Amino acid sequence: MPNESACPSAIDSSRIMATPGPLAQAWRRLNSNRLAVVSGVILTVIAVVSILGSTTSFVQRHDPAAQAYTDATGTNNTDRSPNRVNWLGTDGLGRDIWARMLQATFFSLRIGIGAEAVIVALGISLGLLAGLGGQRTDRIIVWITDLAFAFPDILMIILVRQVLLGRDWPILGAGSPQIPGVPSALLLTVIAISIVSWVTICRLVRGQILSLHGQEYVLAARAAGASPWRTLRVHMLPNAISPVIVAITFGIPRNIFAEASLAFIGLGVPPPFASLGSLMSDGRAHLQTNSLLVIWPALAVAMLMLCFTFLGDGLRDALDPRSRRQRRASIGLAPRHR
Amino acid sequence: MTSYVLRRVMLMAPLVVTMVTITFLLMHAIEGGPFDTDRPLPPATQQRLQERYGLDKPLLQQYGLYLFRLAQFDLGISFASDRPVRDVIGERMLPTVQLGLTAFVFAVICGVGLGTLSALNQNGAWDFAGVFIATVGSALPSFILAPLLVIAFVLRLHWFDVLGWEFGNYHKMTLPTIAAGVLPMAFLSRITRAALLDVLNQDYIRTARAKGLSEFRVVVRHASRNAMIPILTVAGLLFAHSLTGSFIVEQAFAIPGIGKEFIDSVLVRDYGVMMGLTVTYTLIYALMTLVVDVLYAVVDPRIRY
């Protein structure tokens, strides 16, 4: 603890009175990791700015869809380099790139976080089912996860996306969003990505539950008469959750990455919407005239990926400092979305 | 060992059948058929086309027929080009495999080299540089790297060509190789560093040094063997990834490989090619996992099957 030398008496007295809980300790360890803190701050800023961008006119002073071939003084307004009015320049139709970037970042974050929410819900419930259900349930779920690992992710995502495209199923719908604020283009991408990616978390949870099942304190809880639900909630879940938190931090950028890859190969979200990937794939057509159109979203994606990676590394070390060395020897199985 | 490999090879058959079933279902669930055009074809023509490719039969029968033909290694006919799917895939496979192999070799040489350099200079300047490159590299997936490389080296510096692929022509090979190879390189270098550090801290390495062996001998003869196991796992999976091709790099540099072919086939509902490619992908993955598992036993004599 770096604080210890600075102010020993305060720390000591607090320790005598109450030892901080495991989460508080992890939080302290995370805070002493400078890279992770900086990444967390940057991510928060990006998220806040992109959310504000869709609600206020301070950060987003132009309409992202407004085309302006000439500005107020009548000079050409297309493909401008960064200036005071258009912070990041304008594109070939005179649209403000800063405004479009905000819109796209917000959309990409929504895809990343939305898909991860579905993945976590699916992964945890199926993982619990496999770990706690009977042997037959376990075998079926493991068989499904094995299959999903053998099937190249991007093939599956493309197929599922094409299957869902243009359908009028209960919640999808082609026209106005049937769930307010969730356009079908977003929902479709989220479903396609999460159908493929829940497997990792499911395996993780199953493994954790199986290994915790035989632990003495779990046995003791059961012997003391705790109900199965209480054993799960109080004794097993808190111990199983930290690898899941780490997996979530690495999962969000992977989803953003998956969507951006889709957009890059021409299967992205349709025009009224824009994600960072679709901005890049649009910009690629104008690489010779205005390369900024590609450079800005590329930098944004790289920034997001880097920050999530650092934050994930920091969280991993903070949540489980003991097995840090073991883990480092086996970091990262192969990347999944390519 | 032989019986283990044989059993694994036999298990590939049900895997392929399951994959074929899933793809078949999804493929037919996609709206529109292969012969839907903006201006509808005359019904008689439509009818004849359907008959020619066996699409007029009930789905179940089509499915059965496909499996039956697959058992004889017949992948059917591509609707888009009216040629056997096997020929189409074989032709498209070549640039993908060439690109994959070049990128893989690049990734292994640079990644393992960088990781070793880092591990041998733990916490030194080289280590910092290596870890920095690996971290930045893992945040630069090919779809970011490819356009940035094109902007820098083609549009500004005019060093290379933008499009296409020609084995042996470095003007066309350099950029796709880098774009496809940086991510696996970053992964390999992280793994190599971690694995080597782990081994270098063990007692038998201290013994080797105490015997007065040269540092080179200690690293190459004693440490590298045990560091191989995690590296091999990752490298095997990365190799499978490379062989199945990068959809993105092929798209970015207009390389006519199987990744691009798959996307095209989905867009025009070329059922034969879609199914053929799924089978190919599944087999490559299954074979690579098998090869990795066998290599384990070769590298680590404690593992027996």
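In this predicted model, a salt bridge joins D293(B) and R8(B), with 2.7 Å between the closest N and O atoms; the term stands for a side-chain nitrogen of Lys or Arg within 4 Å of a carboxyl oxygen of Asp or Glu. D293(B) lies in helix α12 (residues 271–299) of chain B and R8(B) in helix α1 (residues 2–29) of chain B, so the pair ties together parts that are 285 residues apart in sequence. Helices (H or I, at least four residues) and strands (E, at least two) are DSSP runs, numbered from the N terminus.

Residues are numbered from 1 along each chain as its sequence is written, and chains are lettered from A in the order in which they are written. Local features need pLDDT of at least 70, side-chain atom pairs count only at pLDDT 80 or more, totals for chains, interfaces and linings use all residues, and side-chain values use heavy atoms, with hydrogens and water left out.

**Salt bridges**

- Over all chains, the count comes to ten salt bridges.
- D293(B) is buried at 18% relative accessibility, while R8(B) is partly exposed at 21%; buried means under 20% relative accessible area, exposed over 50%, and partly exposed in between (1.4 Å probe, protein chains only).
- E261(B) and R92(B) also meet in a salt bridge, at 2.8 Å from N to O.
- This pair links distant parts of the chain, with E261(B) in helix α11 (residues 258–267) of chain B and R92(B) in helix α4 (residues 85–120) of chain B, 169 residues apart.
- E261(B) counts as buried, at 9% relative accessibility.
- R209(B) pairs with E215(B), their closest N and O atoms being 3.0 Å apart; R209(B) is partly exposed at 37%, and E215(B) is partly exposed at 40%.
- D313(A), R316(A) and R190(B) are linked in a network of salt bridges.

**Chain A**

- Chain A has 13 helices and zero strands.
- Of its 338 residues, 46% count as buried.
- The accessible surface of chain A is about 16,700 Å², and 64% of that belongs to carbon and sulfur atoms; the areas come from the Shrake-Rupley method with a 1.4 Å probe, and for residues only the protein chains shown count as cover.
- N290(A) sits in the loop between α11 (276–283) and α12 (292–319) of chain A, and is buried at 7% relative accessible area.
- Leaving aside residues up to four places away in sequence, N290(A) touches D79(A), T90(A) and D91(A), where contact means heavy atoms within 4.5 Å.

**Chain B**

- Chain B has twelve helices and zero strands, and its C-alpha trace spans about 85 × 55 × 30 Å along the principal axes.
- Of the 305 residues of chain B, 49% count as buried.
- Contacts in chain B with a separation of 6 or more come 70% from residues 24 or more positions apart.

**Surface patches**

- V37(A), V41(A) and V45(A) make a nonpolar surface patch of about 210 Å²; patches are made of residues with over 30% relative accessible area and no salt bridge, with like charges joined within 9 Å and nonpolar side chains (Val, Leu, Ile, Met, Phe, Trp, Tyr) within 5 Å.
- V45(A) belongs to helix α4 (residues 34–53) of chain A and is partly exposed, at 46%.
- K211(B), R217(B), R221(B) and R225(B) form a positive surface patch; Lys and Arg count as positive and Asp and Glu as negative, with His and the chain ends not counted, and a charge is placed at NZ of Lys, CZ of Arg, CG of Asp or CD of Glu.
- K211(B) is in the loop between α8 (203–210) and α9 (215–243) of chain B, and counts as exposed at 58% relative accessibility.
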